[in-house]
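Okay, thanks everyone, let me get the model up on the screen.

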Amino acid sequence: MKIALKNCQLIQPQQKINKKSNLLIEDGIIIKIGNLSAEDLKHAEVFDIKDNFVAPGFFDMHVHLREPGREDEETVQTGCDAAAHGGFTGIACMPNTEPALDSAEVISLIIAKAKNHLVEVFPVGAATVGRKGEVISPMAELFNAGAVGFSDDGVAIKNARILKTSLEYSSMFNVPIIEHCEDESLAGGAMNEGTTSTFLGLPPIPSVAEDLIVMRDILMAEYTGGKVHIAHMSTKKSAQMVREAKAKGIRVTAEVSPHHFTLTEEVVKGYNTNTKMNPPLRTQEDVEAILEGLKDGTIDCIASDHAPHSLEEKEMEFEYAPNGIVGLETQIGLALTELYHKKVLTIEQLVEKFAINPRKILNLPICKFEVGERANLTIFDVNEIWSVDISQFKSKSKNSPFNKRLLKGKATGVINQKKMLFQGKLKEI
Amino acid sequence: MPLSSRHLLGLETTPKEDIKLILDTATTFKEVLERPIKRVPTLQGKTVVNLFYENSTRTRISFELAEKRLSADSVNFSVSTSSVSKGETFKDTIRNIEAMKIDMVVVRHAAAGTPLYLTQLCDAHIINAGDGIHEHPTQGLLDMYSIREKLGRLEGVKVCIVGDIAHSRVALSNIFGLKTIGAEVSVCGPATMIPRNIKELGVKVFYNIDEAIQENEVLNVLRIQLERKAGGNFPTLREYHTSYGITNERLEKNGKNILILHPGPINRGVEISSEVADGSHQIILQQVTNGVAVRMAVLYLLGTQN
C-alpha cells in the first residue's frame with residue numbers, strides 16, 4: 001500500500017528541517033521526500049495535507065491507562081484511541097494500576113494489548129514492589145519485558161535509601177527514575193496552600209512538599225549518577241532547582257502538564273472536582289516560572305498526566321473526589337494556544353517538547369525525514385479554531401476542566417505502525 | 001427588602017446590606033422568644049430538611065427550634081440513620097430528598113464546598129450549617145448579633161478571634177462577616193494554627209494573648225478540638241492553656257473590661273478557665289439564645305422569598 005502526502009510543512013528540529021515538501025510512504029516506510037512524479041503517484045492514495053505541519057510522531061510520556069484494575073475508567077484500547085485522536089503515536093503508561101506494573105507478566109500484558117494499535121505503548125515499571133517503597137522491583141526483568149523507566153507514580157519513592165538503590169540499579173539499564181515529587185508527610189490536602197485554600201476552607205498541600213522531593217532527587221541523582229525525571233513539575237522553586245542542576249551537569253530532566261501552564265488555583269473556586277489534581281494547580285507566579293522553564297529548556301517535555309476517572313467518582317464532595325484529569329485529547333490544542341500562539345515557544349521548540357525530548361529521555365528512536373525511515377508522524381494545524389467537547393473524547397472518561405474551551409491549533413492526523421488516522425478516518429496504509 | 005441571594009452559603013459572599021437585614025430581623029424574632037407562646041405562623045406549610053452529615057448537637061437543635069418556632073415542618077436526617085451507610089452517594093441522597101418536595105435544606109458536612117455543590121443538585125434554598133473548615137455563617141451571624149446587642153455597635157469594634165484559626169469554620173465566617181460590616185478583626189494563636197496567608201484576609205495577627213487582650217474589646221475564644229491534638233499543632237494541652245488560655249488572672253493583669261464569646265462547646269481548663277466561663281465577662285449562653293433568633297431570621301428571609 002502506497003500513500004502520498006502532498007503539501008506538507010515538514011518539521012524536524014534535529015535535522016533543522018522546516019520546509020514545504022511532499023512525502024511518499026509505502027508499507028509504512030518513507031520512500032521519497034520532495035517532488036513526486038506521476039510515476040511516484042501511480043497506485044498511491046493521495047492526501048492533501050494543506051500546508052499543515054508534519055512532524056515526528058508526538059509522544060506522551062505520562063499516561064494512566066488504568067488497565068489492569070480499573071477498566072471502567074480506561075483500557076489500553078480506549079487510552080490508545082484517545083492518544084491517536086489527540087495526535088500522539090506513542091505513550092508511556094504509568095505503573096499505578098491494580099496490580100501495579102511490578103512484574104514482567106503485567107508489563108507483557110500491556111504491550112500485548114496494545115500490539116495492533118497505531119499508538120505504541122511503552123510501560124513504565126513500578127520502582128518498588130507494589131509501589132510500596134520497601135523493596136525495589138525486579139527491574140531487569142521489567143526492562144527486558146519492555147519497561148522504559150521506573151516510577152512509583154502517585155507517590156514519590158518512599159525514602160532516600162530506596163531511592164538511592166533504585167537509581168543505582170536502574171542506571172545499569174540507562175533508564176530514568178520518574179518521580180512524582182511530593183513529601184509524604186506534607187501530602188493529603190485537596191489544593192495548593194495559599195490564600196485561596198484559606199478562603200475555600202480546603203485542606204492545603206504546600207508547594208514545599210514538591211520542592212523538598214525535587215531537591216532530594218537532584219542530590220541523589222548527583223550522588224549516584226543515575227537519571228531522574230521530574231514528573232508533572234508545578235512549582236517555581238522546582239523549576240529553579242532543575243535549572244541549576246542541569247547547569248551543573250546532573251542527569252535530571254523534567255516534564256510539565258498543560259493544566260499547570262494554563263490554569264491557576266483560582267479556578268478551584270466553585271469546588272469543581274475537575275480542577276482537583278495532584279500536584280495541585282498553583283499560583284500565577286508558579287505558572288510564569290513554568291513558562292520560563294519551558295522557554296529556556298529547563299523543562300524538557302510536555303506530558304498530559306492523563307488521569308481518567310469515572311463520572312461517579314468525580315461527582316462528589318471536592319475533598320473526597322479523586323485527583324486528576326484526562327488530557328490526551330486537549331494537550332496539543334492547549335500547548336499550541338498557550339505556548340505557540342502566545343510566543344512562549346517557537347514551533348521547533350514545541351515539536352522538541354512533544355516529539356523529540358520524551359523519546360530521548362526514554363531512549364526511543366525518533367523519526368527522521370529520510371528515505372527508509374519508518375513513518376511515525378503527527379500532522380497538526382496551528383490555525384484551526386475549535387471548541388473542546390468532552391462528548392467527542394475517545395477516552396472512556398470525560399473528567400476535563402477544559403470542556404467548551406476555545407483553542408487554536410489541533411492535531412489533524414497521525415501515522416504509525418502502517419496505520420493512518422486522518423480527518424477522523426483510520427486506515428491501513 | 002429581600003436578601004440578595006437565594007441561599008446562605010457563607011459570609012464571604014454575603015453583602016453588608018444582607019448581614020444588617022438578618023441581624024435586624026433577628027431582633028424581631030428575639031422578642032418572639034421572650035413571649036409565653038414562642039411561635040409564629042410565618043413558615044407554615046414550608047418543609048425544611050436538616051441534613052447533618054457530621055455530629056452536631058447545639059447547631060442542629062438550634063435550627064430545629066428555629067424551624068418549629070416559625071411553624072415550618074422539619075425533618076432531621078443524620079448520617080447514622082441514613083442510607084449513606086448503605087453506600088448511597090451524596091448526589092442520590094439529595095435527589096431523593098428533593099423528590100419529596102422540600103423548600104429548604106440546612107446542611108452540615110465535613111467537606112468544604114458541599115453547600116455550594118447542593119445548590120447545583122437541587123432547587124431548594126440552602127443554608128450552610130458548617131462545611132469542613134470553610135464556613136459556618138449562622139455562627140458568624142449570631143456572634144455578630146451578640147456583640148452588637150452587648151456593645152450597641154459593630155462598626156469599628158475591635159474583635160480578636162483566639163485559637164485554631166487554620167482549622168476553624170467559625171473563625172473564617174467571623175472574619176468575613178465582621179470585616180464586611182466594618183469591625184477591626186485580629187486573630188491570636190500559636191503560629192501553627194494561623195493560616196500562612198492570613199494577612200491577605202486583612203486581619204492583624206497576635207501570637208501573644210496578653211497583647212491581644214490589651215488591644216481588643218471582644219475576644220471570640222474558639223474551642224480547642226481535642227481530637228486535633230494528634231495533628232501536633234501544639235505540644236500539650238497544658239502548654240496551650242498556659243500560653244493562650246483565658247483566665248481571670250490574665251484578664252485582671254491586663255485590666256480590661258473585655259467581652260468574651262465562645263461558640264461552644266467549651267473545654268474548661270483548656271482555652272477558657274471555669275471562672276471565666278461562668279464569670280461576668282462572658283455571654284456564652286446569650287449567644288446560644290441569640291443563635292435561635294438569628295437562625296429564625298435566616299430561615300424566614302429565605303423561606304419567604306419566591
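So, to start us off: in which strand of chain A is L407(A) found? It's in β18, the strand that covers residues 406-416 of chain A. Before I go on, please keep in mind that this is a predicted model.

Is L407(A) buried or exposed? It's buried, because there are 20 other C-beta atoms within 10 Å, and 20 or more is what we ask for. As for who it touches, leaving aside residues up to four places away in sequence, L407(A) has contacts with G333(A), L334(A), T337(A), W386(A) and V388(A). Now take E373(A): it sits 34 residues from L407(A) in sequence, and the two C-alpha atoms are 33 Å apart in space.

On the chain A side we have 16 residues, in contact with 23 residues of chain B. Which element of chain A gives the most to that side? That's helix α6, residues 195-200, with 4 residues. If you sort the chain A side by residue type, you get 7 nonpolar, 4 polar and 5 charged.

Let's move over to chain B. It has 11 helices and 9 strands, and its C-alpha trace spans about 55 × 45 × 35 Å along the principal axes. For 306 residues, you'd expect a compact globule to have a radius of gyration near 19 Å, and chain B comes out at 19 Å, so that agrees. Buried residues account for 47% of the chain.

How many strands form it, and in what order? There are 5, they run β7-β6-β5-β8-β9, the pairing is parallel, and the sheet is open. At the edges you'll find β7 (204-206) and β9 (259-261) of chain B, each pairing on one side only. Ignoring direction, neighbouring strands are turned by 25 degrees against each other on average.

Let's zoom in on one pair. Strand β5 (residues 158-162) and strand β8 (residues 218-221) of chain B run parallel and are joined by 4 bridges. For instance, V162(B) has V221(B) in β8(B) as its bridge partner. Packing on this sheet is helix α5 of chain B, residues 137-151, which touches β5, β8 and β9 of chain B. The direction of that helix makes about 160 degrees with that of β9(B).

That's my tour, thanks.

Methods. Residues are numbered from 1 along each chain as its sequence is written. Chains are lettered from A and ligands numbered from 1 in the order in which they are written. This is a predicted model: local features need pLDDT of at least 70, side-chain atom pairs count only at pLDDT 80 or more; totals for chains, interfaces and linings use all residues. Helices (H or I, at least four residues) and strands (E, at least two) are DSSP runs, numbered from the N terminus. The radius of gyration is taken over C-alpha atoms; the globule rule is 2.2 Å times the number of residues to the power 0.38. A residue is buried if 20 or more other C-beta atoms lie within 10 Å of its own, exposed if 12 or fewer, and partly exposed in between; C-beta atoms are placed from the backbone. Two residues are in contact if their C-beta atoms, placed from the backbone, lie within 7 Å. Ala, Val, Leu, Ile, Met, Phe, Trp, Tyr, Cys and Pro count as nonpolar, Asp, Glu, Lys and Arg as charged, and the others, Gly among them, as polar. Two strands pair if DSSP finds at least two bridges between them. Axes are lines fitted to C-alpha atoms, for helices over the stretch in contact, and angles run from 0 to 180 degrees between N-to-C directions.
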